[in-house]
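Okay, thanks for coming, everyone.

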Amino acid sequence: MGVDFNRWAECHFQIFLSRYCSLLYGHNRIPLKLQLAYCAGNLWAANSLPTLYYVVVPCFCLLKDIPLFPKVSSPWVLPFAYVAIAHRAYSLGEFLWCGGKFQAWCNDQRMWLFKRTTSYFFALCDTILKLLGYSNPTFVITAKVADEDVLRRYEQELMEFGDSSPMFVVLASLAMLNLFSSFEAIKKLVFNADHSEVSDRFRLQILLCFLLVALNWPVYNAVFFRKDNGGMPAPVTYKSITFALLVSTVAMST
């Protein structure tokens, strides 16, 4: 997650939008299934949009008391439940079949979420700006030297933040927004007189917010608990909390 993934996703997306797109340049040259396989990588940047939708819209609507999914008591909830459970089960089964462990699979899901909402999203924005003529291509040199503290945290499997990057501002803001939404969900379940009705209307949204909170645990740890140099910088923390509070206030007041 960072400049490297940003660069890769941006280059892949530029290839997709060029005449060398696998669907165009590969037509009658390679099989269709191979053309589509190339598109999976070339569309990393565009894949950030549906991921951001699932990260932002359900929790925002939960704050506004707007249900997005069918009631749990309704049979229309079955397709949503099937897709969610079947996709995760297949992903986990494939990961374990290839020799991975459950904890590694959880970390893999977490990293895909982080990359799609930061690096891939910035790559999409950079590509659009370049196509519109508002940005010039640049090659960013990334630091490859790590000191002993960084290596120690790496061995302890701690994520490295420690930089006031705009990507970390976005990542922390989304994490805080989902955390505040989860607090609102708990308040609805505890203090609402009709607990069963709230649970029936918002159960899938609440579960999604709780899942996102669990995936964002390294971010909360970096924001609230870590005191080492790899924790979230104070400016990033202040900006993310302020932005999440502003969005939550607007959502609940309108």
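So, look at helix H6, residues 102–117, and helix H10, residues 195–215: their axes come within 10 Å and cross at roughly 100°. This is a predicted model, so local features need pLDDT of at least 70 and side-chain atom pairs count only at pLDDT 80 or more, while totals for chains, interfaces and linings use all residues. Residues are numbered from 1 along each chain as its sequence is written, and side-chain values use heavy atoms, with hydrogens and water left out.

What I mean by an axis is a line fitted to C-alpha atoms, for helices over the stretch in contact, with angles running from 0 to 180 degrees between N-to-C directions. Two packed helices are described by the angle between their axes and the distance between the axes.

So how do H6 and H10 sit relative to each other? They are roughly perpendicular.

Which residues in H6 meet H10? On the H6 side you've got Cys106, Gln109, Arg110, Leu113 and Phe114, and on the H10 side Leu212, Ala214 and Leu215. Contact here means heavy atoms within 4.5 Å. Sort those residues by type and you get six nonpolar, one polar and one charged. For the classes, Ala, Val, Leu, Ile, Met, Phe, Trp, Tyr, Cys and Pro count as nonpolar, Asp, Glu, Lys and Arg as charged, and the others, Gly among them, as polar.

Zooming out. The protein has 12 helices and zero strands. Along its principal axes, the C-alpha trace spans about 60 × 50 × 45 Å. If you take the contacts with a separation of 6 or more, 79% of them are between residues 24 or more positions apart.

Of the 254 residues, 36% are buried. Buried is under 20% relative accessible area, exposed is over 50%, and partly exposed is in between (1.4 Å probe, protein chains only).

Now the annotation. The UniProt record, an unreviewed entry, puts "transmembrane region" at residues 120–146, 166–186 and 206–224. UniProt positions are in the numbering used here, feature names are shortened, and annotations may be inferred rather than shown by experiment. Over residues 166–186 the model is 100% helix and 0% strand, with the end C-alpha atoms 30 Å apart. Over residues 206–224 the figures are 95% helix and 0% strand, and 23 Å between the end C-alpha atoms.

Thr51 sits in helix H4, residues 48–63. Thr51 is buried at a relative accessible area of 12%. Skip its neighbours within four places in sequence, and Thr51 is in contact with Leu113, Arg116 and Thr117.

Then there's the loop between H4 and H5, which holds Phe69. Is Phe69 buried or exposed? Buried, with a relative accessible area of 18%. Again leaving out neighbours within four places, Phe69 is in contact with Phe80, Arg201, Leu204 and Gln205. Phe69 and Gln205 are 136 residues apart along the chain, and their C-alpha atoms are separated by 7.2 Å.

Asp65 belongs to the loop between H4 and H5. Asp65 has a positive phi of about 65° although it is not a glycine, and at 38% relative accessibility it counts as partly exposed. Asn28 also has a positive phi, near 65°, in a residue other than glycine. Asn28 lies in the loop between helix H2 (22–25) and helix H3 (32–42), and it counts as exposed at 70% relative accessibility.

Last stop, Gly93 in helix H5, residues 77–97. Gly93 is partly exposed, at 36% relative accessible area. Between Gly93 and Trp105 there are 9.8 Å in space, C-alpha to C-alpha, for 12 residues in sequence.

Methods: Helix = DSSP H or I, 4+ residues; strand = E, 2+ residues; numbered from the N terminus. Parallel < 35°, antiparallel > 145°, perpendicular 65-115°, else oblique.
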